[in-house]
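Hi,

Here is the model I promised to pass on.

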Amino acid sequence: MFSNAQGFKVGNISVHSNYHVQNAQGNRIDGWKMLLENIASSALHDSSARFDPPKCDEDTRVEVTHELMNWIRDREGPQRLLCMTGAAGAGKSALQQTIAELCSDSNILGSAFFFSAGDPTRNTLTHIVPTIAYQLGLRQLVLRDTIVKAIENDPVIFKKNLKIQMETLIVAPFKQLCARGDLNRNTFPHAILIDGLDECSGEENQAELLSTIKRCLLNNDLPFRIFIAGRPEWAMRSALASKPEGYLYQLAYHIKLSDKYDATADIRRYLWRQLRDLGSQSWDCRAQFPLWPMKEDIEKLVAAASGQFVYAATVIKYVSERRSSLVDRLRIVIDWAPHDGQQTRPFEHLDNLYRNILSTAKESYEAVDTNRGHDFLFLIRAHQMNSEGRAHLMYSARDFDESIGIIGLQGGHYQFLFSDLHSLVWFREMPVSTPKLRERMEFYHRSFSDFLDSEIRAQHLFLSETRVRKCVTKACLQKLLQCEDFSGNYHKDWIIMLLLYYSNWQSAYVDDPQLIEFTCNNGWERIDKILSSQCGPYSIEHINILQTRHQLACFTSDVVRHFSDDLHKHELADIVKLYFNKWEKRYGECGFTVDEAELSEKVRNAYYDKEDNFHDDEEEEEEGTN
């Protein structure tokens with residue numbers, strides 16, 4: 001309604017008939033200049049701030065690169081959003097950089113934005129829409145003019161929320177030009193690339209960007225193909241989830257990089273090529289020997305990489321130090337084992353990555369009210385020990401939560417515990433005889449397990465395995481003293497098994513006051529009653545109980561010795577010796593001679609089967625069939 005008006009004021013803005021916008025002082029507002037002042041130039045794929053960015057080596061990641069480029073080139077494809085998730089260090093940024101360069105060479109790159117947690121200009125949402133609008137405006141002059149006019153008409157647009165910015169600077173200009181026929185949808189550079197979503201500060205901001213892309217770019221008929229990459233953390237994971245269905249599940253083409261593509265062959269090829277190229281330029285004549293590096297050394301590195309490129313890149317970065325011998329530094333990497341006083345840090349870059357992820361997850365977990373009092377690092381280490389069978393027991397993640405529920409957890413708590421660690425940890429669903437699935441925790445990076453085991457590498461995030469064993473053992477004894485009903489409850493069996501295996505059948509893992517308290521309060525009798533309430537002869541449960549009595553005999557033998565020789569509490573030693581004799585005799589009657597590894601496997605399998613039967617009975621009772 002003001003199309004022919006002129007010479008009037010709106011607030012402190014003057015509007016003139018020639019469409020130039022001026023402020024109250026009569027100075028012209030330059031929309032393009034304002035746009036340039038609000039972009040993050042370091043986020044561009046060809047920015048000098050990202051000099052020598054990671055990208056795919058020759059002849060590596062060929063299959064996934066072809067899949068990505070084919071998807072981008074297919075302008076008419078039904079899904080206009082592609083989300084690629086993968087473990088930390090899986091090579092997502094290298095792929096994004098490679099795709100950005102390929103798109104640029106093909107003249108189909110509309111814009112690219114690379115988030116970085118360490119760069120304040122590109123670790124928030126402040127500059128992303130202006131940066132995308134700037135790059136799109138460069139592709140066509142008429143679009144640039146339309147974006148500039150939008151800024152001049154609303155000079156405070158950069159202070160408004162993300163949705164309004166995207167509607168004003170991207171959606172509206174495109175709709176306007178398409179309606180007028182001034183923009184050819186079929187030739188306009190249409191690829192929009194966003195890398196490292198997880199490096200945008202704040203889960204809420206990550207989720208806001210995804211929801212804004214859906215509402216503004218996907219819900220409107222625009223010519224873009226949008227490719228977003230990031231770790232599988234909460235914002236991306238929940239948006240793409242199938243159960244419950246996330247808001248991007250039907251709209252996005254989802255590539256799980258670490259699951260779908262095995263990078264082992266590419267990592268092997270990358271290591272060979274990089275080491276041979278470095279060797280040809282090295283002053284160390286050993287590196288120029290035709291058989292260097294040795295095949296077995298390459299295979300050790302490939303195995304240690306666990307399919308993650310970050311490990312291989314860390315190795316190459318370390319060995320390429322020009323002031324030292326390439327051959328010697330490679331040998332250090334292959335043979336390296338952490339020890340006190342060691343100055344060498346070949347995996348420092350990798351360890352920084354692990355520490356950053358783990359520290360952030362710890363802070364987020366322990367900030368939740370209901371999680372306070374739970375030791376995050378203890379729980380992580382306990383799950384690690386369980387998943388790797390270090391205590392000769394291996395429960396599913398859910399079962400393990402229930403088994404260590406003695407310290408206040410419920411089954412399924414692991415989902416909260418690991419919610420910010422999905423870039424390092426994943427859960428394999430293990431089919432069993434029942435329709436139920438069990439979740440087994442596994443590490444994407446084998447080196448992450450090594451990191452957790454090393455105080456030198458983990459530093460302030462280190463928790464010793466001995467401390468974990470002591471905590472579990474202490475909790476087991478406390479829980480057993482609370483048992484009132486000694487009827488067959490499989491959770492009580494678990495407590496006894498945890499006590500035995502986490503203590504390594506040694507009283508050294510129990511504090512003396514607690515061991516005395518347990519003995520004085522009839523703790524050993526309680527264990528015996530629990531075992532005596534189990535199933536009859538010839539059942540799997542009965543065989544397990546017999547084996548458990550043998551292990552208890554070993555444990556109580558050590559307790560008897562400790563009470564007698566170390567603490568000189570002979571009366572307590574005599575109490576424990578009664579049960580030692582009983583359990584040793586009962587086990588000996590069976591005539592078993594069981595190898596410990598075989599025994600552990602039998603116990604583990606039997607308890608899995610036992611838990612299946614327990615749940616099957618529960619379900620039958622609920623259905624009224626039992």
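First, the ground rules. This is a predicted model, where local features need pLDDT of at least 70 and side-chain atom pairs count only at pLDDT 80 or more, while totals for chains, interfaces and linings use all residues. Residues are numbered from 1 along each chain as its sequence is written, and side-chain values use heavy atoms, with hydrogens and water left out.

**Overall**

The protein chain has 26 helices and 10 strands; these are DSSP runs numbered from the N terminus (helices are H or I, at least four residues; strands are E, at least two). Of its 626 residues, 52% count as buried (buried is under 20% relative accessible area, exposed over 50%, partly exposed in between, with a 1.4 Å probe and protein chains only). Taking contacts (heavy atoms within 4.5 Å) between residues at least 6 apart in sequence, 73% join residues at least 24 apart.

**Cores**

A nonpolar core here is a set of buried Ala, Val, Leu, Ile, Met, Phe, Trp, Tyr and Cys residues joined through side-chain atoms within 4.5 Å. The largest one holds 98 residues, and Trp524 and Ile527 touch the most other members. Helix 21 (residues 490–502) supplies the largest share of this core, nine residues. Leaving out residues up to four places away in sequence, Ile527 touches Leu480, Ile496, Leu499, Phe518, Leu552 and Trp583. Another core, of 56 residues, lies apart from it, with Leu35, Phe174, Leu177 and Leu197 among its members. As background, nonpolar side chains in soluble globular proteins tend to be buried together.

**Helix 15 against helix 20**

Helix 15 (residues 376–387) and helix 20 (residues 465–482) pack at about 95°, with their axes 10 Å apart. The axes are lines fitted to C-alpha atoms, for helices over the stretch in contact, and angles run from 0 to 180 degrees between N-to-C directions. The two helices are therefore roughly perpendicular to each other (65 to 115 degrees; under 35 is roughly parallel, over 145 roughly antiparallel, the rest oblique). From helix 15, Phe378, Arg381, Ala382 and Met385 meet Glu465, Val468, Arg469, Cys471 and Val472 of helix 20. By type, the residues of this contact are six nonpolar, no polar and three charged (nonpolar: Ala, Val, Leu, Ile, Met, Phe, Trp, Tyr, Cys and Pro; charged: Asp, Glu, Lys and Arg; polar: the others, Gly among them).

Helix 15 also contains Asn386, which counts as buried at 2% relative accessibility. Not counting residues up to four places away in sequence, Asn386 touches Leu393, Met394, Tyr395, Ser396, Phe400 and Tyr502.

Helix 7 (residues 203–218) has 16 residues and reaches 21 Å from first C-alpha to last, close to the 22 Å expected at 1.5 Å a residue (the expected span is 1.5 Å times one less than the number of residues). Its buried residues include Leu209, Leu210, Ile213 and Leu217. They pack against several elements, among them strand 4 (81–85), helix 4 (128–139) and helix 6 (162–180).

In helix 2 (residues 62–73), the end C-alpha atoms are 16 Å apart, in agreement with the 16 Å that its 12 residues should span. Val64, Leu68, Met69 and Trp71 are among the buried residues of helix 2, and what covers them includes strand 4, helix 3 (92–105) and helix 9 (257–260).

- Lys243 and Pro244 are joined by a cis peptide bond, omega about -10°; Pro244 is in the loop between helix 8 and strand 8 (252–256).
- Trp292 and Pro293 are also joined by a cis peptide bond, omega about -5°; Pro293 is in the loop between helix 10 (264–281) and helix 11 (295–305).
- Back to Gln459: phi is positive, about 55°, although Gln459 is not a glycine. Gln459 is partly exposed, with a relative accessible area of 39%.
- Trp505, in the loop between helix 21 and helix 22 (512–520), has a positive phi near 60°. Trp505 is buried, with a relative accessible area of 18%.

Cheers
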